[in-house]
Amino acid sequence: MLPVIDAANLSLDRRQAVGIVGESGSGKTMLCRALIGTLPRHGAGIVSGTVQFDGQELAGAPERVWRGIRGREIGYIPQSSLAGLNPVLTVETQLVESITAVGSLSRQQARQEAVALLEKVRIPRAQQVLKARSHQLSGGMRQRVMIAAAIAQGPKLLIADEPTTALDVTIQREILSLITQLRQELNMALILVSHDLAVIEEVCDDVMVMYAGASVEAGPVAALSKAPRHPYTRALRVSRVDRAVPGQDLEAIPGDAASVGSWPAGCRFWPRCALADEACRRDSQPALMPIAQQLSACIHAERMAELEQ
Amino acid sequence: MAALTSEAEEKLQHDAITDPLLEGRDISVTFGRGAEALDAVRAANVAVDGGEAVGIVGESGSGKTTLARVLVGLQRPSAGEVRLEGQPIFSAGTEQRMPRSERWKTQMIFQDPYSSLNPRMRVWQAVAEAVQVWKSLPGAEARAQALQLLNAMGISDDQARQFPKSLSGGQRQRVSVARALAPDPKVLIADEPTSSIDQSAQAQLLNLLRRLQSERELAIIFISHDLGLVRYLTTRVYVMQKGDIVEAGKTEDVLERPQHAYTRLLIDSIPGR
């Protein structure tokens, strides 16, 4: 048994938008799968901890229970969903599938519903797009169709895993504003996963930072951006090119991210951390503790100023 | 038609370099023929000076990768020619490949470090192979040079003995750079080199590219859809849209006073703005 997430914490209120940021292998996608009950399909499971949705405990719930939640209560846009449409089926067939998975609509009603959904995600000429297959659509259009399928049953929560990663910047901008508009129109909460802190800062109220399977910092976007309280969050910010001065080196995090199966003992970030000392190497991965307006898993959270010179 | 405004054209003239190291003159690339024909690149003029870093920005389908492939000799232009140190080395209308004596001078690294390395070769072998091809050295020496190159890119001897699959995306991309540097080229074309690696690895790679540019006087053509990266790394930039270069000039000028609507759209789309 190989731990891929250990010590991840995330909570959000109704209608709130929370971002999860972290690098590949940090456990972002696994956490999403835990939240929609699909870990078993990927040969994984929840060993400890709880998943509560609307007051209901879902960790270890049978598939029968999850079927009533997934799609209906929690919409999900999987990572690389650009490849998520079946190439041989029309958009209509696939959209109608996600609508009638629960309902008992006639074919005619379902089609009307599908058109309405496509219009909801601002797809022009919805009738024509219904007849199209995925290769006839641009990346941005395909992502809109995936969003339409995810919101088909009016979920209370939408989980979007890297929804704009493979898209051009101009299309990314369109998709992000679409997601924001839909959230308001449908009163949805949102969990947005991204490796790009700038994307999350644009769309979310709160953010949770993951490193090597653990939550290392969480709190309001503004607080983490102004005064990060974990060295890793700070590093993610200062290594960004949009803040860099041309001609000067970027402040890169030394070394490589700890990969699954070879997490260091102690705090998992210590080999790359300038604040690390004996305690960081010796003790286990610290839990999130409140500091300022946020939560931090760094035992030296109050010494962050030392990193700025 | 290249949609340059007169002001942008003036600026292009003004900023053009007189004696470029590598130059693409009136490059057009058309795929297919007749009604199916697609102009991937239309009459593009690009140039890079020795030790200079220039950017080519645009979205998918803008023609930036096709243009880069012409410059390294992987794609024959339908019209125009590539010049290196003032000499035409690759042009439309002939069957000749870019001559081997010139090919080593321009090397390229690709977007996807997962598919650009042979999974069955150990990391050092992938680099030693390039050293052998370009420098015709005996095996032991090629291996020594490969390890030296890899070390300079921050890849340890231990990592060099691994297969690419056990390296992270950032490490693999640094291996690609080592491989590209094997012939000691004069120009490195980097096609979206950071788009599939993590942010902390991105900063390491960018620092590395900057160091190579200053220490080896390596010219760099940096292809990206990310204007933030281009702003940080380059001093001149070409903006491409649907096969045309729509704006060109000093990076600072183009980003601060964009003349073309498309450039403005790209700038406004940067997350966090």
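**Figure 1. Glu85(B) lies in the loop that runs between β4 and β5 of chain B.** The model shown here and in the other views is predicted. Glu85(B) is not a glycine, yet its phi is positive, near 50 degrees. Most residues other than glycine have a negative phi. Is Glu85(B) buried or exposed, or in between? Glu85(B) counts as partly exposed, because it has 14 C-beta neighbours inside 10 Å.

**Figure 2. Glu192(B) sits in the loop between β7 (187-191) and α8 (199-215) of chain B.** Its phi is positive too, about 45 degrees, although Glu192(B) is not a glycine. With 19 other C-beta atoms within 10 Å, Glu192(B) is partly exposed. A residue needs 20 or more such neighbours to be buried, so the count of 19 leaves Glu192(B) in the partly exposed class.

**Figure 3. Four strands of chain B form an open sheet in the order β2-β1-β4-β5.** The pairing is antiparallel. Which strands stand at the edges? They are β2 (38-48) and β5 (87-91) of chain B. Each has a single partner strand, so one side of each is left without a neighbour in the sheet. From one strand to the next, the twist averages 25 degrees. Helix α2 (residues 64-71) of chain B packs on this sheet and touches β1, β2 and β4 of chain B. The direction of the helix makes about 120 degrees with that of β1(B).

**Figure 4. Strands β1 (residues 22-31) and β4 (residues 79-84) of chain B pair in the antiparallel sense.** The pairing extends over 5 bridges. Which residue of β4(B) is the bridge partner of Leu22(B)? The partner is Leu84(B).

**Figure 5. Strand β4 (residues 74-77) of chain A is covered on both faces.** Side chains in a regular strand alternate between the two faces of the sheet. Here Ile74(A) and Tyr76(A) lie on one side. Gly75(A) and Ile77(A) lie on the other. All of these residues are buried. The strand β4(A) runs parallel to strand β5 (residues 157-161) of chain A, and 4 bridges join them. Opposite Ile77(A) stands Ala160(A) in β5(A).

**Figure 6. Helices α3 (residues 91-100) and α4 (residues 107-120) of chain A pack with their axes 9 Å apart.** The angle between α3(A) and α4(A) is about 105 degrees. That makes α3(A) roughly perpendicular to α4(A), because angles of 65 to 115 degrees count as such. Which residues of α3(A) take part? They are Glu92(A), Leu95(A), Val96(A), Ile99(A) and Thr100(A). From α4(A), they meet Ala110(A), Arg111(A), Glu113(A), Ala114(A) and Leu117(A). By class, this contact has 6 nonpolar, 1 polar and 3 charged residues.

**Figure 7. Chain A is divided into domain 1 (17-204) and domain 2 (214-307).** The division comes from an automatic or database assignment. The centres of the two domains of chain A, taken over C-alpha atoms, are separated by 30 Å. How many residues of domain 1 of chain A are in contact with domain 2 of chain A? There are 7, and they contact 7 residues of domain 2. Helix α8(A) gives the most to the domain 1 side, with 3 residues. By class, that side has 4 nonpolar, 1 polar and 2 charged residues.

**Figure 8. Chain B is divided into domain 1 (6-105 + 185-268) and domain 2 (117-181).** The C-alpha centres of these two domains of chain B lie 27 Å apart. In the contact, 11 residues of domain 1 of chain B meet 10 residues of domain 2 of chain B. What supplies the largest share of the domain 1 side? Helix α8(B) does, with 4 residues. The residues of that side divide into 8 nonpolar, 2 polar and 1 charged.

**Figure 9. Chain A contributes 26 residues and chain B 25 residues to the contact of the chains.** Which helices of chain A each supply at least two residues of the side that touches chain B? They are α7 (169-186), α8 (197-203) and α10 (231-238) of chain A. The residues of this side of chain A divide into 12 nonpolar, 5 polar and 9 charged.

Definitions and conventions:
Residues numbered from 1 in each chain as written. Chains lettered and ligands numbered in written order. Predicted model: local features only at pLDDT ≥ 70, side-chain atom pairs only at ≥ 80, totals over all residues. Axes fitted to C-alpha atoms, helices over the stretch in contact; angles between N-to-C directions. Parallel < 35°, antiparallel > 145°, perpendicular 65-115°, else oblique. Contact = placed C-beta atoms within 7 Å. Nonpolar A, V, L, I, M, F, W, Y, C, P; charged D, E, K, R; others polar. Pairing = 2+ DSSP bridges. Buried ≥ 20, exposed ≤ 12 C-beta atoms within 10 Å, placed from the backbone.
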